[in-house]
Amino acid sequence: MPRKIIKDVFLRDKKEEMPLVEELEMEKTKKSRFLFKFIAVFLILILLGAFGFVVLNRISTVAINISPHKETLAIDSRLRAYTNPITTGLSFEIMRLSAEESGLVTATGISSSGQKAGGKITVYNNYSNAPQKLIINTRFQTSDGKIYRIREPIVIPGMGVKEATVYADQAGEEYNIGPADFTLPGLKGGARFEKVFAKSKSAMSGGSSGNARVVKKEDIDSVKASINDKIKNRLAEMFSAQKPESYLLFADAVKIEYLENPDNPKVGDLSSRSMVFKINGSAVGYLLKKDALSKALTDDNAGNLKKAPKNEPVAVENIESLDFSLISADAQNKEITVRLKGSANFVWVVDTAKLLEEIINYKGKNYASVFQNYPTIEKAAVVQSPKWWIKFPSDKNKIKINIDL
């Protein structure tokens with residue numbers, strides 16, 4: 001009897017502690033919660049990883065530093081170029097420009113014979129539709145007999161007019177006159193005398209007696225040299241501003257023709273004041289395309305290069321610093337011969353656009369195999385940012401190819 005009571009009490013207390021079914025349900029709930037948390041954390045990590053991958057792929061960049069094959073060679077090449085080459089030879093283009101500059105001539109010589117007056121006249125040809133030519137020293141006479149002469153020949157257009165400068169036949173203040181009408185004594189007795197004549201709109205001036213200043217050759221030579229330099233520099237600036245970017249224009253590839261104004265002061269002119277001296281410069285520039293000139297120099301010196309180009313473009317890096325001379329140019333400017341001399345840096349050209357496409361489309365990891373397809377590349381280095389990010393960007397703009405010259 002006592003044993004039964006103890007057993008009943010023990011068993012009753014154990015059942016009241018927790019039913020077995022409830023305990024199993026609780027265990028199941030705990031496992032479900034753990035699994036849910038695990039899956040949630042796993043998904044969050046995947047999302048964070050994907051987000052990080054996208055961000056890194058967007059911000060990552062690659063710099064590819066290329067060292068192309070280079071050779072330095074002492075050259076002395078004579079090349080012919082044509083405006084319209086029959087074959088694939090070297091060609092050139094022509095630029096024509098002009099510029100006018102002026103300076104002041106101051107007479108430094110002394111003459112004791114006085115100074116002749118001078119001024120502008122307008123000569124009329126009312127005689128014929130044919131031009132009328134007047135020779136040097138043609139006389140023009142005022143109504144009171146004063147004689148003035150031209151120092152350069154002139155041609156008056158048919159039924160037209162021509163402006164000219166005349167100088168008094170004698171020195172003296174009496175030749176300083178106001179506007180006047182002029183006849184040509186040399187035509188007297190002929191039909192042209194009444195039809196070819198001149199008028200002045202302004203006064204004749206500068207005439208004097210006694211000592212006067214006279215223009216010396218040195219006075220004109222110094223001014224001419226200064227004006228020519230100004231024209232040369234101005235034309236060089238104009239050529240530089242107007243030249244196409246892909247063309248070269250060497251300083252010695254410009255020919256300038258200097259033309260003096262016919263009204264410029266002459267040696268022996270008498271003047272107490274400075275006189276304007278004008279020169280017009282007409283220039284012809286011979287332009288050579290840079291890549292075509294590089295190819296011509298490469299072809300001319302291929303036999304002396306250690307690595308002969310095999311259909312690979314080669315550029316002369318320092319082509320503009322070579323000594324250039326224009327040896328000859330034909331009268332029609334259709335053919336020229338040039339000479340380039342010096343230490344030339346030949347650089348093999350890398351097709352960066354093609355290289356970039358191959359890198360973008362490359363599926364492997366060893367990019368050295370891509371560079372090996374380019375014989376123009378001496379060596380290449382890939383620099384990635386961040387350094388530990390091994391994937392190349394898919395955006396071309398994130399890949400920069402640097403050519404080390």
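Leu35 lies in helix H2, which covers residues 20-59, in what is a predicted model. The residue is partly exposed, with a relative accessible area of 48%, and it belongs to a nonpolar patch on the surface.

**Surface patch**
- Together with Leu35, the nonpolar patch is formed by Phe34, Phe38, Ile39, Phe42, Leu43 and Ile46, and the accessible area of these residues together comes to about 730 Å².

**Open sheet**
- Six strands with antiparallel pairing make up an open sheet, in the order E7-E8-E10-E5-E12-E11.
- The edges are taken by strand E7 (139-141) and strand E11 (181-182), each of which has a single partner strand, so one side of each is left without a neighbour in the sheet.
- Within this order, strand E8 (residues 147-150) runs antiparallel to strand E10 (residues 161-171), and three bridges join the two; Ile150 has Val166 in E10 as its bridge partner.

**Helix H3**
- Helix H3 (residues 217-242) has 26 residues, which at 1.5 Å a residue should span 38 Å, and this agrees with the 37 Å that separates its end C-alpha atoms.
- The buried residues in H3 are Asp219, Ile220, Val223, Ile227, Asn228, Ile231, Leu235 and Phe239.

Methods. Residues numbered from 1 in each chain as written. Predicted model: local features only at pLDDT ≥ 70, side-chain atom pairs only at ≥ 80, totals over all residues. Heavy atoms only, no water. Patch = residues over 30% accessible without salt bridge, like charges linked within 9 Å, V, L, I, M, F, W, Y side chains within 5 Å. Areas by Shrake-Rupley, 256 points an atom, 1.4 Å probe, with all protein chains shown as cover. Salt bridge = Lys/Arg side-chain N within 4 Å of Asp/Glu carboxyl O. Helix = DSSP H or I, 4+ residues; strand = E, 2+ residues; numbered from the N terminus. Buried < 20%, exposed > 50% of the residue type's maximum accessible area, 1.4 Å probe, protein only. Pairing = 2+ DSSP bridges. Expected span 1.5 Å × (residues − 1).
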